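Please look over the fold shown here.

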Amino acid sequence: MPENFESKVETQIDRLKRCSYREIEKEVAQKRIDWIAKNCPEAGKQEHTSPRQAFESLFFDYMRLPVDELPVLSETDTEIVWRSLNRCPTLEACQRLGLETRRICRAINEKSTQAFLSQFDPQLRFLRSYQEIRPHTDHCKEMIIRIDFEGIMRLAIEEARASRLEGNKGYGAVVVLGHDILGKAHDTAVTQHDPSLHAEVNAIRQAVQALGDSNLSGAVLFSTCEPCPMCSSLAVWANLTTIVYGVSIEETAKMGKSRIRVSAKEIIEQSPVMVEVIGDVLRDECRSLYC
């Protein structure tokens, strides 16, 4: 093995022994974000970055991997799927330490890769197959897809309207993982006489049941209104990757709605996990729900 690769393996072994997975995840994410700020100052300024552009920026510009080590299996305007065949320091470190790559890669690389993509376009989502991952196969199958934030938020708005028709308070939420809708719900606190049954709670409960896993890393929570502290905390405990909302807590509170004036970002900043928070998606349409 080349010396530089062996050095990377030893560094990763040391980090896995010395640091928590959360610490490694945040360190890797920040390193990638800093690289983009230095090398891609125009990132995020254009309307859309294609999956292909993001793929090439990550692997060829940033990681400097050979093209033939990342054969593309399929590609459309909204999706690129490939096999990673490159020598991977994390894979080698896991094998030497007897660690399961499904657990380690999900814990330290998934959100940090998403952090890289989101600097270009947060609608681009990174996904990895945990059935096709080394050393269980001879490759890692991965993809970058584009999801439609506004289209999914409209599903949440439909749920909010259904909530009002039932006699509830008019909030809607959707949880997606890639192209799959794992949960779609509205608040039922009034009709079910349970103050915990916010739209986000109901959608997250559906999602973990659909996935069969309480860890929703990679998934995105859409909500017509910024999640309250309870729901933001649940997003943390579910380890969601991203929260997307329409209208803010502060704005709806000024409109006379009963809100705890603690933002989702404040909850996330005090939490042990990385969760991206994006607001003002279809803000006016969501705002009209609460006028």
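The report starts with the sheet, then turns to the pocket, the cavity and the aromatic pairs.

This is a predicted model.

**Sheet**

Five strands make up an open sheet. Their order is β6-β5-β7-β8-β9, and the pairing is mixed. At the edges sit β6 (180-186) and β9 (276-278), each pairing on one side only. From one strand to the next, the twist averages 15 degrees.

The pairing of β5 (residues 172-177) with β6 is antiparallel and spans six bridges. Within that pairing, G172 faces H186 in β6.

A helix covers these strands. Helix α7 (residues 149-166) lies across β5, β6, β7 (220-225), β8 (242-247) and β9. It runs at about 145 degrees to β5.

**Pocket and cavity**

| Space | Volume | Lining by class |
|---|---|---|
| Largest pocket | about 1100 Å³ | 17 nonpolar, nine polar, 11 charged residues |
| Largest cavity | about 30 Å³ | one nonpolar, three polar, two charged residues |

The largest pocket is lined by 37 residues. Closest to its centre are K8, R32, M63, C88 and P89. Several elements contribute at least two lining residues each: α1 (3-18), α2, α3, α4 (89-97), α5 (101-108), β3 and β4 (140-146). Helix α1 gives the largest share, with six residues.

How many cavities of 30 Å³ or more does a search of the whole structure find? The search finds one. The lining of the largest cavity consists of E110, Q114, R125, F126, G218 and T241. Helix α6 (110-120) and strand β3 (124-128) each supply at least two of the lining residues. Strand β3 also supplies at least two residues to the lining of the largest pocket.

**Aromatic pairs**

The structure holds 10 aromatic pairs. One of them joins W35 and Y62 in an edge-to-face arrangement. Their ring centres are 5.2 Å apart, with 65 degrees between the planes. W35 belongs to helix α2 (residues 21-39) and Y62 to helix α3 (residues 51-62), so the pair ties together parts 27 residues apart in sequence. Helices α2 and α3 each supply at least two residues of the lining of the largest pocket as well.

Note on methods:
Residues numbered from 1 in each chain as written. Predicted model: local features only at pLDDT ≥ 70, side-chain atom pairs only at ≥ 80, totals over all residues. Heavy atoms only, no water. Pairing = 2+ DSSP bridges. Helix = DSSP H or I, 4+ residues; strand = E, 2+ residues; numbered from the N terminus. Axes fitted to C-alpha atoms, helices over the stretch in contact; angles between N-to-C directions. Contact = heavy atoms within 4.5 Å. 1 Å grid on protein atoms, 1.4 Å probe; cavity = no way out; pocket = protein on both sides within 12 Å on 5 of 7 lines; lining within 4 Å. Points joined across faces, edges and corners; volume = space filled by probe spheres on them. Nonpolar A, V, L, I, M, F, W, Y, C, P; charged D, E, K, R; others polar. Phe/Tyr/Trp six-rings, centres within 6.5 Å; stacked < 30°, edge-to-face > 60°.
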